[in-house]
Amino acid sequence: MTTGTAQQGTRPHAATRPVRWAADVVTAMREGARLRLDYSAQSLWRVDRMIEELRREGTPSAAAEGVLRGFGAYAGEVIARQTGAEWWATGGDHWIRTPDGRLWDPIDEARRCFAGHGSLRLLCRDATAPKSAGG
């Protein structure tokens, strides 16, 4: 057995679906929108702009739900790869738990972004920043 990054090892079962959703949106954006997503924090600028474009075009939320789930899962994977966070799941909901114990809901944040009240880029910035002494 070779040693590698933690991400190459066994991932928790809760990660299975969000990892697939993220990979699906990466493929869809590359093939359909010619947008390269490389799992970097900087790529979340492009994701936020894509979500804003969907909103501006008047895409019905039901029609956008699958891609929003994918974008949220993608943001969660960016956080997981940068911090070693793990996916957690309960009752069909998926969220990220960073090593400092904080919980993040990037899939819901993608929905908030679509509604004009969120940002996956800012969520990632906050999730990857050290926890402040004040909480």
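**Entry 1: α3 against α5.** I began with this pair in the predicted model and noted that α3 and α5 are roughly parallel to each other. The angle behind that label is a crossing at roughly 25 degrees, with the axes of α3 (residues 61-83) and α5 (residues 120-128) coming within 10 Å. Since angles under 35 degrees count as roughly parallel, the label follows. I recorded the crossing of α3 and α5 as right-handed.

I then listed the residues that meet. From α3 they are F71, G72, A75, V78, I79, Q82 and T83, and from α5 they are L120, L123, C124, A127 and T128. Sorted by type, the residues of this α3 and α5 contact are 8 nonpolar, 4 polar and no charged.

**Entry 2: α3 against α4.** I looked up the other packing of α3. The axes of α3 and α4 lie 7 Å apart, at an angle of about 130 degrees. That angle makes α3 oblique to α4. The crossing of α3 and α4 is right-handed.

On the α3 side I found S61, A64, E65, L68, R69, G72, A73, A75 and G76, and on the α4 side P106, I107, A110, R111 and F114. The residues of the α3 and α4 contact divide into 8 nonpolar, 3 polar and 3 charged. I noted that G72 and A75 are listed for α3 in the contact with α5 and also in the contact with α4.

**Entry 3: G76.** I examined G76, which has its place in helix α3. At 0% relative accessibility, G76 counts as buried. Setting aside residues up to four places away in sequence, I found G76 touching W87, I96 and P106. P106 is also one of the α4 residues in the contact with α3. I checked G76 against Y39 as well: 37 residues separate them along the chain, and their C-alpha atoms are 9.6 Å apart.

**Entry 4: the loop between α1 and α2.** Most residues other than glycine have a negative phi. R34 has phi near 55 degrees, and its place is in the loop between α1 and α2. Y39 lies in the loop between α1 and α2, with a positive phi of about 65 degrees.

Which of the two is buried and which exposed? R34 is exposed, with a relative accessible area of 78%, whereas Y39 is buried, at 17%.

**Entry 5: the largest nonpolar core.** I counted 36 residues in this core, and those touching the most other members are L37, L44, V47, I51, F71, Y74 and L120. At least two residues of the core come from each of α1 (16-32), α2 (43-56), α3, α4 (106-114) and α5. The largest share, 9 residues, is supplied by α3.

Beyond its neighbours within four places in sequence, L37 is in contact with V26, M29, S43, R46, V47, F71 and Y74. Among these partners, V47, F71 and Y74 are also in the list of core residues that touch the most other members.

**Entry 6: the chain overall.** Along the sequence they follow the pattern α-α-α-β-β-β-α-α. Buried residues make up 38% of the 135 residues. Of the contacts between residues at least 6 apart in sequence, 59% join residues at least 24 apart.

Conventions
Residues are numbered from 1 along each chain as its sequence is written. This is a predicted model: local features need pLDDT of at least 70, side-chain atom pairs count only at pLDDT 80 or more; totals for chains, interfaces and linings use all residues. Side-chain values use heavy atoms; hydrogens and water are left out. Axes are lines fitted to C-alpha atoms, for helices over the stretch in contact, and angles run from 0 to 180 degrees between N-to-C directions. Helices (H or I, at least four residues) and strands (E, at least two) are DSSP runs, numbered from the N terminus. Angles under 35 degrees count as roughly parallel, over 145 as roughly antiparallel, 65 to 115 as roughly perpendicular and the rest as oblique. A crossing is left-handed if the near helix is turned anticlockwise from the far one by less than a right angle, and right-handed if clockwise. Contact means heavy atoms within 4.5 Å. Ala, Val, Leu, Ile, Met, Phe, Trp, Tyr, Cys and Pro count as nonpolar, Asp, Glu, Lys and Arg as charged, and the others, Gly among them, as polar. A nonpolar core is a set of buried Ala, Val, Leu, Ile, Met, Phe, Trp, Tyr and Cys residues joined through side-chain atoms within 4.5 Å. Buried means under 20% relative accessible area, exposed over 50%, partly exposed in between (1.4 Å probe, protein chains only).
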